[in-house]
Amino acid sequence: MQRRDFFKTSIVASAAILGTNLNAGITHQPKIGQIVSNMAFPEKRPMITYSDRPPLLESTRATFVRGITENDEFFVRWHLPDIPTHIDLDSYTIKINGLVEKELNITLKELKSDYEQVEVTSVLQCGGNSRSAFTPITGGIQWGSGAMGCAKWKGVRLSDLLNRAGLKKNAHWIGFNGLEKAAYFETPNFVRELELTELDDHVIIAYEMNGEDLPYLNGFPLRLVVPGYYSDSWVKMLSNITVTDKYKHLFFMDMAYRVPDNATESETPDHLAKKTKPITHMNVKSVIAYPETGMKIYHNSHIVVRGVAFDDGHGIRKVMISVDNGKTWKEALLKQENGRYAFTEFRFVFKPTEYGKVSIMAKAVNRLGEEQPLAKNVPWNHGGYMYNGIDVVTVEVV
Amino acid sequence: MKKLLLIAILTVGSLFAQVKSDVEVPYISYQIKMGKGFDAVQANCLMCHSFGYIINQGPQSRLFWDKKVDKMITHFKAPISKEDKVIVVNYLFKHYGNGKLK
């Protein structure tokens, strides 16, 4: 799925929509200033907390002054409330079945010793990150900009496991099932299906995050890592991989995590798109971590604007900063040492010479030349997915 | 809370320690507005997720709450009777509504 024309077409489309339909969706900067809870969840520092069952925790903006997100600040998003609270590491296995020559039941020990161990540094972002940018409100958690993070993941290649099991000729879909369960027996479970053609050697089954075991709330002991893809595909507490020839119709595949399947990926609240498609590749995005909206900074002081930028793995070419409401843009300095799937850190030295309010804008451009649109040009969609508007923070120079 | 802190301290630096004992996810006590119909919310809405999940939507219209409860019934198979649905929607609109019908 390429989004090369995303920006160009969306301006035209939203202009047309606004002109003809009073009930058009509007997109703006996501919500800021969410309160950090005073209650810490297991292995986490206190975070922005939306729910305990299932656990939903967001990282603060300040987290993104660094290109690697600490495990104890990493966002948490489960779908269903019933998560095992005890895992027996000796008996835990990951099962590979379906259209394979040989069914496998691999223990954690075997996984760590019988397969090549590999690492990839990659951004993990919820498809609904920044959902609070959409009006009218769209279904799901009203995240600010912190349903994302970047970590170094260690594990084994999915392809190595599948090769060991031996795929049958008609193998086409791979279903991933984790251990989270609904509280009510008829509620659909969270299973993801990916097409074999979508999976490359970068997809791994990870047991380590930033040199430590995966935190329990981030999917201990094993999770799928699909670099470049939104996190709904990164199944946590992965326990079963099933190979099939046909796509199974499952709620979380057919109803959730989908965007309009039209040229602009947009719709209006009154006219929802009939045809939808799953979200897969992440679009180009940046978030300013410092300074934050509402802060006061001193006249003539030496401010270093910091933040992160990323896309789906094409890589960030540049991050442009504007301090004059978008009239002129200057390039930020970039730090890229963790590969193309990782956060690119950016820094921009700014000396405020005028008193009063000033807006700092950040716009990332990737190696394909795709760039972030202004927030108002991000197409509204009823699930509130894939927001990637130019980030704007407004500070006061005193 | 005290117990939780203990767990957190024990796990620092030791591999796998988190799961040697059971993990405890804390309970949050949400500020819930009491009023007519809350019983129905408690009976119908809190078996699958916390109250936080519901109020995170912010103040919304009556239609919004009506559709949201429908979503729970059709997609997630929530066993909610027609009568209870009306009571729940009334409660949500009264306490977490924005005054608009649509």
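Visitor: What makes Cys150(A) count as buried or exposed?

Guide: Cys150(A) has a relative accessible area of 0%, and the word buried is given to residues under 20%, exposed to those over 50% and partly exposed to those in between, with a 1.4 Å probe and protein chains only, so Cys150(A) is buried. This is a predicted model, in which local features need pLDDT of at least 70 and side-chain atom pairs count only at pLDDT 80 or more, while totals for chains, interfaces and linings use all residues. Residues are numbered from 1 along each chain as its sequence is written, chains are lettered from A in the order in which they are written, and side-chain values use heavy atoms, with hydrogens and water left out.

Visitor: Why is Cys150(A) too far from the closest cysteine sulfur for a bond?

Guide: A disulfide is a pair of cysteine sulfur atoms within 2.5 Å, and because the closest cysteine sulfur to that of Cys150(A), in Cys126(A), is 16 Å away, the two are too far apart for a bond. Cys48(B) is in no disulfide either, the nearest cysteine sulfur, that of Cys45(B), being 9.3 Å away. A search of the whole structure finds zero disulfides over all chains.

Visitor: Why is Cys48(B) called partly exposed?

Guide: The relative accessible area of Cys48(B) is 22%, which places this residue in the partly exposed class.

Visitor: What makes Arg223(A) count as buried, and which backbone oxygens does its side chain reach?

Guide: Arg223(A), found in strand 14 (residues 223-225) of chain A, where a strand is a DSSP run of E with at least two residues and a helix one of H or I with at least four, numbered from the N terminus, has 3% relative accessibility and therefore counts as buried. Its side chain reaches the backbone oxygen of Asn218(A) at 3.0 Å, and a polar atom of that side chain lies 2.9 Å from the backbone oxygen of Trp234(A).

Visitor: How do you know that chain B and chain A are in contact?

Guide: Contact means heavy atoms within 4.5 Å, and 32 residues of chain B are in contact with 38 residues of chain A. The area buried between the two chains is about 3,200 Å², of which carbon and sulfur atoms give 63%; buried area is the accessible area (1.4 Å probe) that two parts lose on being put together, summed over both.

Note on methods
A polar contact is a pair of N or O atoms within 3.5 Å; within protein, one must be able to donate a hydrogen and the other to accept it, and residues adjacent in sequence count only if both atoms are side-chain atoms.
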